[in-house]
There are 2 protein chains.
Amino acid sequence: MASRLKLIVAYDGGRFAGWQSQPNRNGVQDHLETAFANVVGERVSVHGAGRTDAGVHALGQCAHADLPVRRYSADRWRSALNGLLPPTIRIMRCRFVADSFHARFSAKGKMYRYRIWNGDVLPPLECGRAWHVRQPLDFDCMVRAGKFFVGRHDFSSFAANRGAPVEDTCRTLRRVHLRRAGPLVTIEFDGDGFLYKMARLMAGALVHAGSGKTSPQEIASRLRQARRRVTQAREVAPAGGLFLVRVRY
Amino acid sequence: MASRLKLIVAYDGGRFAGWQSQPNRNGVQDHLETAFANVVGERVSVHGAGRTDAGVHALGQCAHADLPVRRYSADRWRSALNGLLPPTIRIMRCRFVADSFHARFSAKGKMYRYRIWNGDVLPPLECGRAWHVRQPLDFDCMVRAGKFFVGRHDFSSFAANRGAPVEDTCRTLRRVHLRRAGPLVTIEFDGDGFLYKMARLMAGALVHAGSGKTSPQEIASRLRQARRRVTQAREVAPAGGLFLVRVRY
């Protein structure tokens, strides 16, 4: 009887070539599959809730794997895998789930966090963990701009192309929450799904609004321009500021 | 007229061979001196408030340097140096000071912070920034133990040897403050000076007390054993958990 293990995985995105399996085997998925293979003695496929790009961090990526035998308890699996993984990838929690659970297809939504350091100097320990924006940001303006994202929209003007065209580019954002603590501006995006680079393009648009390069209302007009040629300057916020916080099921 | 520049320096200790100049030129001091030499065109000595070991981080190390000419404003110096330094070393602030100021000899005290992750799994982004202690720690017991450090004591039983013997091993700790936020235990040591590895040996002793390996009172008896052969097991807490927060003048 095969057993399906659900994994909550955290990683330092700066150390790996993104989530997805790579020819050089430095995707987070590769490291997980290697760890499983070392315990099980045969190939185990690990299925993630979605990809993250190189540099993007995860606090709670979700994945599942089918094990040929239920040999160990979930806690034993966690210890065994963590013992084999690099310390910059950790199984935070894991448990056995029904075969009907699928990390990607069962997902109801995700929460991403984007961190911006709005000060003269980026502290060394924030290096690769926040976007350094020197120009003063108008926080209230960013909050107003963020509200335009909330709701159901065609987000194609906030997506990058990843080869195959995506048919349905409508997504629902439940919540966009901004907070400021000294020079640190944090944006949280909670939605039912995210197109390729959507979180980073939204963060880029909010920084444009905060720095006065565009008005908050231009986010609304850009959303209406979906599927048409985008005329405004788009900025993809750097990968290092983005954190996949959790996947909702 | 030479001008003395006071620097507040932050660095990710995991990337460098400690503060002090090294034969392989990978001390933080080496990087600073190279950056100065690139601007000034001649060798400039950088004097730190004290050394930090490889792995130990700094949020506010202090240093000074004498510049042959006062060519730029302090702000220009900060930008110029930060433009030449690796992003994991930053001049956070700098200003010109009187020649009577000396980063080391004028220092009245320092504040160190030690971070402990007391949970089953160390999150990847805490890797090299906290000591992972799996065994549950009795926080109240650590607080009681910490109080024994406060005041003026001969700390020689909480110091490692660094070649030349230190004549005066008496130091005054003004404050030892512990706080707990979920699995994260933070200890702050504020004192007029610290012997070699003293902060890490104190953190190690507090973890021993918190895990029940020793009683809080044993810290008092170990302080009384100063200059005598230490009989208790000593543990140097790992470098990555230690942060030099600020130098007081």
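This is a predicted model: local features need pLDDT of at least 70, side-chain atom pairs count only at pLDDT 80 or more; totals for chains, interfaces and linings use all residues.
Local features are taken at pLDDT of at least 70 and side-chain atom pairs only at pLDDT 80 or more, while totals for chains, interfaces and linings use all residues, and side-chain values use heavy atoms, without hydrogens and water. Residues are numbered from 1 along each chain as its sequence is written, with chains lettered from A and ligands numbered from 1 in the order in which they are written.

On confidence, the predictor gives the complex an ipTM of 0.93 and a pTM of 0.94.

Now to α2(B), residues 74-84, where helices are DSSP runs of H or I with at least four residues and strands are runs of E with at least two, numbered from the N terminus. Buried here, meaning under 20% relative accessible area with a 1.4 Å probe and protein chains only, are A74(B), W77(B), R78(B), L81(B) and N82(B). Because these residues cover an arc of only 120° around the axis, taken from the directions from the helix axis to the C-beta atoms, they lie on the same side of α2(B). The face turned away from that buried side carries D75(B), R76(B), S79(B) and G83(B), which are exposed, that is, over 50%.

What covers the buried residues, counting heavy atoms within 4.5 Å as contact, includes β1 (3-11), α1, β3 (57-67) and β4 (89-97) of chain B.

Definitions and conventions: Axes are lines fitted to C-alpha atoms, for helices over the stretch in contact, and angles run from 0 to 180 degrees between N-to-C directions.
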